[in-house]
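Good morning, and thank you for making the time.

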Amino acid sequence: KTVRLWDVGMSRETACLKGHSAYVESVAFSPDGRRLASGGWDKTVRLWDVGMSRETACLNGHSDYVNSVAFSPDGRLLASGSRDNTVRLWDVDNAREIACLNGHSADVRSVAFSPDGRLLASGSWDNTVRLWDTDTGRLICTLLSCWGDDRWVVYTPDGIFNASESAMDLIWFADRLAVYPSSEFARELHRPKELQARVRQAISG
């Protein structure tokens, strides 16, 4: 239930931060090292002032364990991933939620920002990694690993996809109760260059 700060050079504890009421699952320092974020089984994300060794905010919103926290490169945003299958974005300075990103169908175990902060990646026990636009909260694409190192699929919410050759026969499209092999939609929806263009557009703004 605690977060402990250590002086690495001196190999000694410098502070014990108390506030969580259950296990602490994840911690992350802000880029400037002045803030610390922690997420835990009490369903909260907490912000701490490292220099003062005190809690500055308790962020509520998740309905289950918080598994992962990460600061954006500029330190203004915080992302959290939870057992409630969601990713949440927080305004650090104002200690408020600015977006709830839905899409995963199982625990979100990891979150990470791109170096420029425009994209957020989330990894889940649903075997997918999802890329999000941090400005709009829009899902850009989903990356799926299909039971082998050489089998992968990337797809967008509107069905545009790319896949390794060995995974093409694993892709099926559903229309109500009917399913169809990817070969019937490949000409229309298999557009690797458009997928790349969408990611580049999200990065460039």
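Let me begin with a definition: a salt bridge here is a side-chain nitrogen of Lys or Arg within 4 Å of a carboxyl oxygen of Asp or Glu. What you see is a predicted model, in which local features need pLDDT of at least 70 and side-chain atom pairs count only at pLDDT 80 or more, while totals for chains, interfaces and linings use all residues. Residues are numbered from 1 along each chain as its sequence is written, and side-chain values use heavy atoms, with hydrogens and water left out.

By that definition, Asp-42 pairs with Arg-46 in a salt bridge, and the closest N and O atoms are 3.5 Å apart. Arg-46 also meets Glu-55 in a salt bridge, at 3.1 Å from N to O. Through shared partners, Asp-42, Arg-46 and Glu-55 are joined into one network. For exposure, I use buried for under 20% relative accessible area, exposed for over 50%, and partly exposed for values in between, with a 1.4 Å probe and protein chains only. Asp-42 counts as buried because its relative accessibility is 14%, and Arg-46 is buried too, with 11%. Glu-55, at 29%, counts as partly exposed.

The structure holds 9 salt bridges. Which parts of the chain does the pair Arg-109 and Glu-25 link? The closest N and O atoms of this salt bridge are 3.4 Å apart. Arg-109 belongs to strand 11 and Glu-25 to strand 3 (residues 24–29), so that distant parts of the chain, 84 residues apart, are linked. Helices (H or I, at least four residues) and strands (E, at least two) are DSSP runs, numbered from the N terminus. Arg-109 is partly exposed at 30% relative accessibility, and Glu-25 is partly exposed at 32%.

Turning to the chain as a whole, there are 2 helices and 18 strands. Of the 205 residues in the protein chain, 43% are buried. Contact means heavy atoms within 4.5 Å. Among contacts between residues at least 6 apart in sequence, 33% join residues at least 24 apart.

Next, the interior. A nonpolar core is a set of buried Ala, Val, Leu, Ile, Met, Phe, Trp, Tyr and Cys residues joined through side-chain atoms within 4.5 Å. The largest such core has 13 residues, and those with the most contacts inside it include Ala-79, Val-87, Leu-101 and Phe-113. Two or more residues come from each of strand 8 (77–82), strand 9 (87–91), strand 10 (96–101) and strand 11 (108–113). Which strand gives the most to this core? Strand 11 does, with 3 residues. Apart from this core lies another, of 12 residues, among them Ala-37, Val-66, Val-69 and Leu-78.

Setting aside neighbours within four places in sequence, the contacts of Val-111 include Ala-70, Ala-79, Val-87 and Leu-120. Ala-70 is found in strand 7 (residues 66–71) and is buried, at 11% relative accessibility. With the neighbours within four places again left aside, Ala-70 is in contact with Ala-28, Leu-77, Leu-78, Ala-79, Val-111 and Phe-113. Ala-70 and Ser-26 are 44 residues apart in sequence, and their C-alpha atoms are 9.0 Å apart in space.

Is Ser-30 buried or exposed? Ser-30, in the loop between strand 3 and strand 4 (35–40), is buried, with a relative accessible area of 7%. Not counting residues up to four places away in sequence, Ser-30 touches Arg-35 and Phe-71.

I close with the backbone. Most residues other than glycine have a negative phi. Lys-43, however, has a positive phi, near 75°. Lys-43 lies in the loop between strand 4 and strand 5 (44–49), and is partly exposed at 39% relative accessibility. Asn-85 also has a positive phi, of about 75°, although it is not a glycine. On a 1 Å grid over the protein atoms alone, a pocket is an open set of points with protein on both sides within 12 Å along at least five of seven lines, where a 1.4 Å probe fits, and lining residues have an atom within 4 Å of a point. The largest pocket is lined by 17 residues, including Arg-76 and Asp-135.
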